[in-house]
Amino acid sequence: MKYAIFGDIHANLEALEAVMLDAANRDCTDFVCIGDIVGYNANPRECLEFVQNLGCPVVRGNHDEEAALDSPLEGLNPLAKHALEWTRRQLTAENREWLMNLKLVRQVRDFTIVHATLDTPGNWGYVTNKFDAMASFSYQFTPVCFYGHTHTPRIYIKGSSVEGLEDFSTPIELGRKYFINVGSVGQPRDGDWRSSYATYDVENQRVAVHRLEYDLATAQRKILDAGLPEMLANRLAVGK
Ligand code: ZN
């Protein structure tokens, strides 16, 4: 049994399709989505329906929540706000209801999934260092938890700090706790434009983060064609 754990797709269909193909080539049998299916890029409905059709466990991200609500968009950067207003118009009432009904935290088999943090999952804080990770470890009751939100792949091990940026892989050892950021499918922000996701090999107790190229030019063209800010297309090329 091998899981593909992916998230922060952000309506980038080209990236999502590339990740799914890569996961199939790595013999993944099961899928798990850690949220932010929509927001920023040009295919929110297509990405949402793609994930729905997988029938896999999904948790809600902050962009999923904002896209599902009708309330005024406050406290967001102008790019996110513009994209979310556009995204709301692309989604059907059923799409938005589905997003709103997603849970914030879920246990899947022997691991946990959350979009942002385990200590206050609905506050959408960012785990960017080992002190942030410690707060989540206090609420982590499984050996492994996968999360996203920062768009930067990273592995925290309770009691130590191990950080990797590319093709990093770690054995899951008995008695330890792991808080693992799978990176972003559709808008990486660690300076590497390639999509990021993780695999979890249950039999061999091993987690790995993978990076792969996708059809960037098509994703960028769709953003411009949709009338979304040019900056959203440009940032994809530099992974920011
Ligand atoms: Zn995100």
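The exercises below go from the sheet to the helix pairs and then to single residues.

This is a predicted model, in which local features need pLDDT of at least 70, side-chain atom pairs count only at pLDDT 80 or more, and totals for chains, interfaces and linings use all residues. Residues are numbered from 1 along each chain as its sequence is written, and side-chain values use heavy atoms, with hydrogens and water left out.

**Exercise 1. Find the order of the strands in the open sheet and name its edge strands.**

Step 1. Helices (H or I, at least four residues) and strands (E, at least two) are DSSP runs, numbered from the N terminus. Two strands pair if DSSP finds at least two bridges between them.

Step 2. Read across the sheet: five strands follow one another as 2-1-10-11-8, with mixed pairing. Ignoring direction, neighbouring strands are turned by 20 degrees against each other on average.

Step 3. Look at strand 1 (residues 2-6), which runs parallel to strand 2 and is joined to it by four bridges. A handy landmark is Y3, which stands opposite D30 in strand 2.

Step 4. Contact means heavy atoms within 4.5 Å.

**Exercise 2. Work out how helix 1 lies against helix 2.**

Step 1. Axes are lines fitted to C-alpha atoms, for helices over the stretch in contact, and angles run from 0 to 180 degrees between N-to-C directions. The axes of helix 1 and helix 2 come within 9 Å and cross at roughly 25 degrees.

Step 2. This angle makes helix 1 roughly parallel to helix 2. The cut-offs are under 35 degrees for roughly parallel, over 145 for roughly antiparallel, 65 to 115 for roughly perpendicular, and oblique for the rest.

Step 3. The crossing of helix 1 and helix 2 is left-handed. That word applies if the near helix is turned anticlockwise from the far one by less than a right angle; clockwise gives right-handed.

Step 4. On the helix 1 side, L13, L16, E17 and M20 meet E46, C47, F50, V51 and L54 of helix 2. By class, this contact has seven nonpolar, no polar and two charged residues. Here Ala, Val, Leu, Ile, Met, Phe, Trp, Tyr, Cys and Pro count as nonpolar, Asp, Glu, Lys and Arg as charged, and the others, Gly among them, as polar.

**Exercise 3. Describe the packing of helix 2 with helix 5.**

Step 1. Helix 2 (residues 44-54) and helix 5 (residues 93-100) have axes 11 Å apart and pack at an angle of about 55 degrees. This makes helix 2 oblique to helix 5, and their crossing is left-handed.

Step 2. Helix 2 brings R45, L48, E49, V51 and Q52 to the contact, and helix 5 brings N95, W98 and L99. Sorted by class, the contact of helix 2 with helix 5 has four nonpolar, two polar and two charged residues.

**Exercise 4. Decide how helix 7 runs relative to helix 8.**

Step 1. The axes of helix 7 (residues 216-225) and helix 8 (residues 230-238) come within 8 Å, crossing at roughly 170 degrees. That makes helix 7 roughly antiparallel to helix 8, and the crossing is right-handed.

Step 2. In helix 7, L216, A219, Q220, I223 and L224 meet E230, L232, A233, N234, L236 and A237 in helix 8. The residues of this contact divide into eight nonpolar, two polar and one charged.

**Exercise 5. Are W124, Q205 and F131 buried, partly exposed or exposed?**

Step 1. Buried means under 20% relative accessible area, exposed over 50%, and partly exposed in between (1.4 Å probe, protein chains only).

Step 2. W124, in the loop between strand 4 (111-114) and helix 6 (130-137), counts as buried at 15% relative accessibility. Its phi is near 60 degrees, a positive value in a residue other than glycine.

Step 3. Q205 lies in the loop between strand 10 and strand 11 and is partly exposed, with a relative accessible area of 25%. Phi of Q205 is also positive, near 45 degrees.

Step 4. F131 is found in helix 6 and counts as exposed at 63% relative accessibility.
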